[in-house]
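Colleague: I have a model open and would like to learn how to read it. Where do we begin?

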Amino acid sequence: MNSSIRYDNCDVAIIGAGPAGLAAAIALKKKGIERVLVLDREGEAGGIPRHCGHPPFGIVEYARVMSGPSYAKRLVKTAQQAGVDIRLQISVTNLGQNGSLSLATPAGTIDLKAKRVLIATGVRETPRAERLVSGGRVLGIATTGSLQSMVYLKNMIPFRNPIIVGTEIVSFSALLTCKKAGIKTIAMLEENKRPTVPWPIHHSTRLLGVPLLLNTQIINIIGSKRVEAVQILDRRQKIREIICDGIIFSGKFTPESTLIRMSHLSIDPETNSPIIDNFGRCSDPAYYAAGNLLQPLNMAVNCWREGRKTADWIAKDLNDAP
Amino acid sequence: MTNKNHTTNQLNINQAIKNNLIASADVAVIGGGVVGCAVARRMTLEGASVVLIEKASDILNGASKGNSAILHTGFDAPEGSLEQQCVSTGYAEYLKIHKSFNLPIVKIGALIAAWSEEEESRFDKILKKARENGVRNLRLISQTEARALEPNLSEKIRSAIAVPGEFIIDPWSAPLAYLQQALNNGGQALFNAEVTSGQFDGANWLLDTKLGQVRAHYVVNCAGLFGDYLDREVLGASEFTIKPRKGQFVVFDKAANNLLKSIILPVPSERTKGIVLFPTIFGNLVVGPTAEEQESRNDASVDKAILISLKEQAIQKLPALANIPITATYAGIRPATEEKHYRVIQKADQNWITLGGIRSTGLTGALGLAQHVHYLLSKQGAAFKAIENPISSQVPNLAEHLPRDYEKSGYGEIVCHCEMVTQREILAVQEGLLPAGSLEGLKRRTRATMGRCQGFYCSARLAELTKGQFANPIAIGDVDE
């Protein structure tokens, strides 16, 4: 990996090595921007697709159907070939005025000064606590993200008979992950009258033999150490108990924007995303934002497109600067 | 202290079961909550051999797991009560010892905020009580001054009393430090060792636990939510009955922390102490607790309707919270009794002391209660020679305002990104004197998974790092292909 860029001397620092960040980095290099640094807090670059072990990824970007992990690998390779400097296990701890970043690295804390910063920190699912779900605070409660990183990255399982809350695309991704890992999903719950995903995806529940309970809410989590059952309010407004040993709270994506909230940058309190102008620029013009951070949850390809588009604006901005 | 001592402290269970007598000490402390840990420390320092007996796999598994993390001055404790005395001496001792344990404190002070005329009318009584309790620096402040101090509070605030001595501390590292010091100086701790019965022969107790028998000259019942059960099981009767009182809390994201400079206390009514808004030492902002009577002593579940109402009450007082995400919710259970005060009962003829009904002031009162236990035992003739140069016991810092582990190089990797918990911190805890026996215990010792994503990123890595260490593991098995 090219490690020639010094921390005090960087044209564009990109926070987040997911599809938006990497696509922007590649595009910036192609536009002739010299020193492009991508920072990621994880030990591996590629972002969320790394643990989406199923297609379709890469149709637009690479003209073929790929799984999440192969897509992530390919994107990282393209970036490296373009001369992007990717640095891992680096956590940005503060966004300062005019692109001054504070970083925590295993080798110590570092200050980074970049001419422009692109924030591409993505999204996370809304966990149980933020959904204010009643009941015991016990083991066996996951999000799709935590389930998938456990299954795909560590080869472990947190439960054997969970229910899935939500019917977004990611909920079906959770369903497939369970199937692959030998976990038997007991039911899928959707509080609305219809599933969030369009036909025909939700028919996959029927194929997998998993009941899809519409107009149904989870109202209580029962268990002393681990999940033992959930109480639901079903479509007839009746309270029922479902025996299960886990719950996957899937979807309800929310921007990973605390870094922005804690900084001088303006944030939209409704969406939790940074406020940007028509060029993806934040309230401090040294900062840009792109990807899922702005519009949860777009498919990887949309993040990739937006990263490229924002890179154009950043390149133009840098070239126009005196 | 090294790991080797840890194994001797924890005793070899197989051997123990063979002999059945697994420990013998001057003082047996039953219960590993904040009170039990403080008593174990105090009596060890006073020169007694001490064994702490805990029924769970880790300390702080009952009432001490959820509280408001405030070091109280005791300004509002019942005048002349034992509670007032213990809070006051506990407060003073905490201020004296916290540095030697590396325990953090932020001296932020509190405002008792009045939101109505009726509440303001009770200020005189509060000021009078505080004076009687020896807390003399309370000060009435006007609406203008209150709003200048806390500009983010709703303009509906009418006036306030400033209580400069109320501070925030780390509620889980403190008891851990107390027990570690006891262990460092020769004490023992037994886990998964519920006490089921006991016999007193006029000089010594022989306690039956689920691990085997423990012999002790004196017994201190610090069993918290089960204090009355224990007295009934062993002594045959209890002078009080625990009336569990649940308190639910809502934790707001770190972005809320700078909205308040001080703890915002309510004006207590006859019925309840009311709901507090407080910044935590970990950089969050919390609202709570509720006060709900319930039958169960274990059920610390949360309730959606109540959480929503807590959130709304918080927003009324601090409108900017409307835009701050919620990080976590939790509940604690206070061991209240049919009466308001601490139920400290000494049975001198049976060498038995019960510390019961330690409700909301236990975190501060624990060190004072521990001193009181020593006083009670001395009074009945126990003579120990205090350890001359006790070994101290440092705990890792988890407070946000002090340097954290990730700021020093060589931490390996950051495992929990929301709370910035490093691999080095987790390994140090698990290889230490009192390793966590559960994910909850690890959370309390490191803050891993306590942040806004609640384990979205780190639970897989944590499952891997703690494999084989918890009776209730994060992952229950491997992927079957």
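Modeller: Begin with a strand pair. Strand 13 of chain A and strand 14 (residues 229–233) of chain A pair in the antiparallel sense over 5 bridges. Strands pair if DSSP finds at least two bridges between them. Strands (E, at least two residues) and helices (H or I, at least four) are DSSP runs, numbered from the N terminus. One facing pair to look at is I218(A) and I232(A), the latter in strand 14 of chain A.

Modeller: A word on the source. This is a predicted model: local features need pLDDT of at least 70, side-chain atom pairs count only at pLDDT 80 or more, and totals for chains, interfaces and linings use all residues. Residues are numbered from 1 along each chain as its sequence is written, while chains are lettered from A and ligands numbered from 1 in the order in which they are written.

Colleague: What is the strand order in the open sheet of 5 strands?

Modeller: Its order is 8-16-10-11-12 in chain A, and the pairing is parallel. Strand 8 (141–143) and strand 12 (212–213) of chain A are the edge strands, each pairing on one side only. Inside the sheet, strand 10 (residues 162–165) and strand 11 (residues 187–189) of chain A pair in the parallel sense over 3 bridges. I163(A) has A187(A), in strand 11 of chain A, as its bridge partner. Helix 6 (residues 169–181) of chain A packs on the sheet and touches strand 10, strand 11 and strand 16 of chain A. The direction of helix 6 makes about 165° with that of strand 10 of chain A.

Colleague: How do I describe two packed helices?

Modeller: Use the angle between their axes and the distance between the axes. Helix 1 (residues 19–30) and helix 9 (residues 300–320) of chain A pack at about 40°, with axes 7 Å apart. They are therefore oblique to each other. Angles under 35 degrees count as roughly parallel, over 145 as roughly antiparallel, 65 to 115 as roughly perpendicular and the rest as oblique.

Colleague: Which residues meet there?

Modeller: Contact means C-beta atoms, placed from the backbone, within 7 Å. From helix 1 of chain A, the residues include A20(A), A24(A) and L28(A); from helix 9 of chain A, they include W304(A), R308(A) and A311(A).

Colleague: Is A63(A) buried or exposed?

Modeller: A63(A) counts as exposed, because it has 7 C-beta neighbours inside 10 Å. K252(A) has 20, so K252(A) counts as buried. The cut-offs are 20 or more other C-beta atoms within 10 Å for buried, 12 or fewer for exposed, and partly exposed in between, with C-beta atoms placed from the backbone.

How values were computed
Axes fitted to C-alpha atoms, helices over the stretch in contact; angles between N-to-C directions. Contact = placed C-beta atoms within 7 Å.
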